[in-house]
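Keep the viewer open as you read.

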Amino acid sequence: MLEAFYQMHDYLVAHAEMPIRRLLMDEIDWEDRLIAIKGGRGVGKTDLLLVRAREVESQVSDEMAAGVRKKKATGRPCLYVNLNNFYFTEHSLVEFASVFVKSGGKYLFLDQTFKYPNWSKELRRCHDRFHDLHIVFSASPVMRLIEDNRDLNGIVKMYNLRGFSFREYLNLQTGLHLQPYTLDEIVRSHGSISREICEFVHPLYYFKNYLRSGYFPSYRENKDYKTELLKMMNMMLEVDILIIKQIDVSCLPKLRKLLHIMLREAPCALNISNISEDISMSRATTMNYIKCLKDARLLNLLYMDGKQYPMKPTKVYMQNTNIANMALERDLSPMEEYETYFYQALHSDHRVNATERNAMFVVDGKYYFDVKEHVTERDSIRPCAVGDLETGRGNYMPLWLLGFLY
């Protein structure tokens, strides 16, 4: 039985592609026994699992050749498994893991976990029963892994995989190996950092293309990017929201219409009454659907500090500029793109809030930021991220440089 899985594993691992090493690969503590890689559709979770499986196999081979392992393993140490395999309609994950461990297996990489019923209970049983087994599994952003999940709370280590940062995109396009910076480093030294980077490349030459079609790894494929992104967005609605969140399929047209409204209007303040009337749903259900779109990585919601769902957000953005540019009824203005990008670049690792001050954003409760299209004649009194600026000066920093946070 395992041989059929190994044949699929070998083919997929051999053809897995990671043209640049994702920063997350080196942030994960691979010694943990249960690891979740959570991320939106299309950001590269499957490739990350397969590339890590390849690394484990190479490491074991090197240890064998160097004599670090004193006895030959009784079986293959590593296996990638897609849980949509029909085998799992009649056999449990625990049963499969038992066979794998008895054959000498140590590292199990599980994909499409949400398609397996009772996935969290089975993962818990595997964790408790097989003490030498390391499991890494991919997870949809709408899956509850820690909060409200008694099965996995306290035993799973969760990591978020995002789409390409501008730094990663720039490295891919140029073959450079530019390194990331912290937000504190960028705020403090954006002038010298941007000048150093500009000795090797002119980032603004690539920035607009990134805003339109550089966030998702599929931009590298020889396909129409917008067609592929449209398919992906529909999968987010039909699978990540309807199936995983168990929303009735009859609600799909209303979700699609809501997403269309957001594409047409965002970035914008929410008029829940008007939107509820447009999609013929109650205000409470409309807010719940907006939260679903956020969880599926289609929207970002901006709140005042201390406020959160189910309260109405101050402003709504599309989750990234590539999705924002899927609006057919209008072209985003440069400022709308730049605001969306600012929130996209910062919100995953930093607390980004609206503010009652004149600034647009407050980050981590201490940095008050403006976002502008151009540098004005007078210096800014606070950090200001400028869309068409290549190198920083004073409080004016290049907006593109915030894409170097990961």
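Predicted model: local features only at pLDDT ≥ 70, side-chain atom pairs only at ≥ 80, totals over all residues.

Helices and strands here are DSSP runs, numbered from the N terminus: a helix is H or I over at least four residues, and a strand is E over at least two.

Residues are numbered from 1 along each chain as its sequence is written, and side-chain values use heavy atoms, with hydrogens and water left out.

Now for the holes. Rolling a probe the size of a water molecule over the atoms shows where empty space is left. On a 1 Å grid over the protein atoms alone, a cavity is a set of points where a 1.4 Å probe fits but cannot get out; a pocket is an open set with protein on both sides within 12 Å along at least five of seven lines, and lining residues have an atom within 4 Å of a point. Grid points are joined across faces, edges and corners, and a volume is the space filled by probe spheres set on the points.

The largest pocket has a volume of about 1,200 Å³. Its lining runs to 47 residues, with N160, K294, R297, H347 and S348 nearest the centre. Which elements each supply at least two residues of that lining? They are α2 (24-27), β1 (34-39), β5 (157-161), α12 (283-295), β6 (299-302) and β8 (352-353). Strand β6 gives the largest share, 4 residues. For residue classes, Ala, Val, Leu, Ile, Met, Phe, Trp, Tyr, Cys and Pro count as nonpolar, Asp, Glu, Lys and Arg as charged, and the others, Gly among them, as polar. On that scheme the lining has 19 nonpolar, 12 polar and 16 charged residues.

R297 lies in the loop between α12 and β6, and its phi is near 70°, a positive value in a residue other than glycine. Follow the chain past β6 and you get to P310, in the loop between β6 and β7 (315-318). The bond from Y309 to P310 is cis too, with omega near 15°.

The second largest pocket holds about 940 Å³ of space. Of its 39 lining residues, G42, G44, K45, T46 and D47 are the closest to the centre. Two or more residues come from each of α1 (2-15), α3 (45-66), β4 (134-139) and α9 (225-243), with α9 giving the largest share at 5. By class, this lining has 16 nonpolar, 11 polar and 12 charged residues.

Helix α14 (residues 334-346) contributes the most, with 3 residues.

On to helix packing. Two packed helices are described by the angle between their axes and the distance between the axes. Axes are lines fitted to C-alpha atoms, for helices over the stretch in contact, and angles run from 0 to 180 degrees between N-to-C directions. Angles under 35 degrees count as roughly parallel, over 145 as roughly antiparallel, 65 to 115 as roughly perpendicular and the rest as oblique.

Start with α4 (residues 93-102) and α5 (residues 119-129), whose axes come within 9 Å and cross at roughly 30°. That makes α4 roughly parallel to α5. In contact terms (heavy atoms within 4.5 Å), L93, V94, A97 and S98 of α4 meet E122, L123, R125, C126 and R129 of α5. This contact has 5 nonpolar, 1 polar and 3 charged residues.

Helices α6 (residues 166-174) and α8 (residues 203-213) come within 10 Å and cross at roughly 110°, so they are roughly perpendicular to each other. Here F166, Y169, L170, Q173 and T174 in α6 meet P203, Y206, F207, N209 and Y210 in α8. The classes split into 7 nonpolar, 3 polar and no charged.
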